[in-house]
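Thank you all for making the time this morning.

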Amino acid sequence: MDKNSIVKAEVLSQALPYIQKYNSKIVVIKYGGNAMINEELKMNVIKDVVLLSEIGVKVILVHGGGPEINRTLDKMGKETQFINGLRYTDEETIDVVQMVLAGKTNKDLVKLIMQKGGNAVGISGVDNQLIIAKKHESEDDLGYVGDVDKINPNIIIDMLDKGYIPVIASVGTDEEGHTYNINADTAAAEIAGALGAENMILVSDIPGLLADKDDEGTLIPLVHVYEVNSLIEKGIIGGGMIPKVDCCVRAIRQDVKKAVIIDGRIPHSILIEMLSKEGIGTMFKR
């Protein structure tokens with residue numbers, strides 16, 4: 001008997017309780033940023049999404065595409081400007097954002113899912129007014145950068161009921177028809193909250209929340225919502241981690257069972273998080 005076959009069978013056996021737990025449950029996966037650049041890791045994410053769908057999980061994939069937007073703007077000779085970590089988005093830039101996210105990036109992900117045997121449909125927050133947006137308010141005018149005002153989830157529910165994986169580009173529209181660039185973490189959190197998801201997973205290029213940001217060995221595996229303010233005061237949650245944690249907290253407060261920040265650089269990190277006892281990354285719970 002091949003020992004590798006025995007090991008594989010044992011792994012599947014250990015995953016059974018988690019497969020049963022997530023059967024017919026909604027899981028929102030946010031995928032974007034630098035985790036989309038490496039082609040091998042991208043294929044691992046796609047394979048994980050397809051496998052989860054095949055075992056009965058209702059997977060929703062929400063994506064950004066910052067690197068691809070940057071490349072397109074560079075080719076156009078248009079300078080990318082960031083203010084407090086957010087992309088300044090004028091009229092020309094929002095056209096590029098919509099073209100790249102709802103067009104190329106979205107359809108590329110759909111094609112990859114189909115190639116691996118999954119059933120996927122690509123949409124954006126503009127479709128059927130899925131994401132009703134409002135202009136982001138801050139001291140600095142960011143142009144067409146928006147916040148989520150409301151989620152209309154009917155189109156997602158219809159797609160899930162028909163066995164499709166919704167692949168959602170993070171742009172939205174207001175009541176007047178203006179298109180807005182929406183942070184993909186925020187979009188994922190609001191969609192997860194509107195659907196009462198079992199789990200929201202933010203696939204990033206960091207291990208999770210670190211007690212020491214310069215030491216990946218100091219990963220904090222579990223954070224309860226009530227601990228977040230204290231961790232911010234201590235400086236453990238800071239910089240670019242603050243908006244990610246805010247999205248996790250927002251999702252939990254809308255009755256999402258748990259939210260997790262995981263390292264997309266690790267092969268099959270989504271499966272490790274969902275189908276193993278140990279999990280991976282930092283989990284946020286009530």
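I will begin with the annotated positions, then turn to a helix beside them in sequence, and end with the cysteines.

What we have here is a predicted model, in which local features need pLDDT of at least 70 and side-chain atom pairs count only at pLDDT 80 or more, while totals for chains, interfaces and linings use all residues. Residues are numbered from 1 along each chain as its sequence is written, and side-chain values use heavy atoms, with hydrogens and water left out.

The UniProt record, an unreviewed entry, carries the annotation "binding site" for G65, G66, R87 and N181; UniProt positions are given in the numbering used here, feature names are shortened, and annotations may be inferred rather than shown by experiment. Although these residues are spread over 117 residues of sequence, they cluster in space, with a largest C-alpha distance of 12.2 Å.

Let me take two of these in turn. G65 sits in the loop between strand 2 (58-63) and helix 3 (66-76), where helices (H or I, at least four residues) and strands (E, at least two) are DSSP runs numbered from the N terminus. G65 counts as buried because its relative accessibility is 7%, buried meaning under 20% relative accessible area, exposed over 50% and partly exposed in between, with a 1.4 Å probe and protein chains only. Not counting residues up to four places away in sequence, G65 touches M36 and L101, contact meaning heavy atoms within 4.5 Å.

N181, by comparison, lies in strand 10 (residues 179-182), and at 13% relative accessibility N181 also counts as buried. Leaving aside neighbours within four places in sequence, the contacts of N181 include R87, itself one of the annotated positions, and also T89, I94, V97, Y144, V145, G146 and S170.

Which residues are buried in helix 3? They are P67, E68, I69, T72 and L73, and what covers them includes strand 4 (86-87) and helix 4 (91-115). Just after helix 3, G77 takes a positive phi of about 75°.

Finally, the cysteines. A search of the whole structure finds zero disulfides, a disulfide being a pair of cysteine sulfur atoms within 2.5 Å. C247 is in no disulfide, and the nearest cysteine sulfur, that of C248, is 7.0 Å away, which is too far for a bond. C247 is buried, with a relative accessible area of 7%, and C248 is buried as well, at 0%.
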